[in-house]
Amino acid sequence: MSNPHRLHTEFLQTHHQMMYRSCKILCVLGISYLLASCAVVSDVPEISNYELQQEVKNQLEFAERTIIERTQKLANLSWPILVSNLEMCDDFVRHRTGLWLSRQSSILTNLSWISDDEQTIGEEPVVWGVADDSPAAKAGVEVGDRILAIDSKRVKSSADARRLLARSTREFTAKRTDPIQLRILRNDERKNIEVNPVLACRSEISLAGGTCINAYATGRHIKILNGIFTFVETDEELQYVIAHELAHNISNHLVYARARGAVGVVFDLLALRWNVWTNGGISRLSVRAFTKPYEVEADYLALYLLANAGIDSTGVENLWRRLATEDISRIGWILTHPSTPERFIQLRKTREEIEAKQQRNEKLLPERK
């Protein structure tokens, strides 16, 4: 029979040897890191904290101007799509003023070393966009106006302003008829402005951070990433992107995708019942495998949305040829989206269908199965 004391002693000796070897490895790695960090021999200029803070301030100001410019562009380009497609949007509508209010930028949450007083982009209740020919524009609201109150309720922040404005516009669904009262501050002068909202397709459209060439719909909102602005070559291409995401929302594609995901969860649980761990793979696959038909339909509906708004979609399909040059893998088979050649051809065929209806003076509504 083995001696328990001897076994314990051998275990401790083995443990100490392993610890000693681990310490030697860590020491070698640490010394290597220190030597590598000292390898820079150039006498680079030093940067003072003041210089750094000033450049941070300059870049934040430039970022804010760019965000406002792009928000105004989104307002102008999306407004005709939203107000000209009530029949296609059906009951997916709400009253809107044509105001795009400020939003706090999420990129600043990672800049913890910047003083709090500099993290102010989007926090103040300021107008960032006023769509042309919208009720807000006709009432005289301008970009840069600070919102002080909405319907006599004091506004404290940008989030507060959006919440109060949404609540006021919802009241028109319940037969409100009197205009929304805005109290604004412009060039140190306070003004009272009345805005009568109009019915439009329901979707909150806003700019999102990130350089990816992408946009996405959430069912109620549409997010356009910054990368889109550097990629599109015409306003019509950007309007096609907006219309595509709006088509997802009015068609409830996200709702259907979640329903399929719920079915997938059931199969994941059944697999677990038989001791097979799928890590949620079936539910994820069930969602992704059915998104391609939704993308095809969104492209199809998007051109109808543009046509009803009087927007010429000629050439918007070239966006997919250019995107293929950025990512050649999109030319081949993709699980979740149509390939770029498929999308290019589908858009052309859809436009031909719309043009034929226009020549016959038919109503521009998509064909249904």
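## The S6–S7 hairpin

Let's start at a turn: strands S6 and S7 make a hairpin with two residues between them, and asparagine 187 in that turn has a positive phi of about 50°. Strands here are DSSP runs of E with at least two residues, while helices are runs of H or I with at least four, both numbered from the N terminus. This is a predicted model, in which local features need pLDDT of at least 70, side-chain atom pairs count only at pLDDT 80 or more, and totals for chains, interfaces and linings use all residues. Residues are numbered from 1 along each chain as its sequence is written, and side-chain values use heavy atoms, with hydrogens and water left out.

S6 (residues 180–186) and S7 (residues 189–195) are paired in the antiparallel sense over seven bridges; two strands count as paired if DSSP finds at least two bridges between them. Leucine 185 has arginine 190 as its bridge partner in S7.

## The sheet and its faces

S4 (residues 146–150) joins S6 through four antiparallel bridges. In S6, isoleucine 150 has leucine 182 as its bridge partner, and isoleucine 147 has isoleucine 184.

In a regular strand, side chains alternate between the two faces of the sheet. The covered face of S6 carries Ile180, Leu182, Ile184 and Arg186, and the uncovered one carries Gln181, Arg183 and Leu185.

## The loop between S4 and S5

Most residues other than glycine have a negative phi. Aspartate 151, in the loop between S4 and S5, has a positive phi near 50°. Serine 152 lies in the loop between S4 and S5 too, with a positive phi of about 70°.

Aspartate 151 is buried, at a relative accessible area of 14%, whereas serine 152 is exposed at 75%. Buried means under 20%, exposed over 50%, and partly exposed in between (1.4 Å probe, protein chains only).

## A negative patch

Glu236, Asp312, Glu352 and Glu355 form a negative surface patch. Patch residues have over 30% relative accessible area and no salt bridge, with like charges joined within 9 Å and nonpolar side chains (Val, Leu, Ile, Met, Phe, Trp, Tyr) within 5 Å. A salt bridge is a side-chain nitrogen of Lys or Arg within 4 Å of a carboxyl oxygen of Asp or Glu.

Glutamate 236 sits in helix H7 (residues 235–250). Its relative accessibility is 31%, so glutamate 236 counts as partly exposed.

Definitions and conventions. Areas by Shrake-Rupley, 256 points an atom, 1.4 Å probe, with all protein chains shown as cover. Lys, Arg positive; Asp, Glu negative; His and termini not counted. Charge placed at Lys NZ, Arg CZ, Asp CG, Glu CD.
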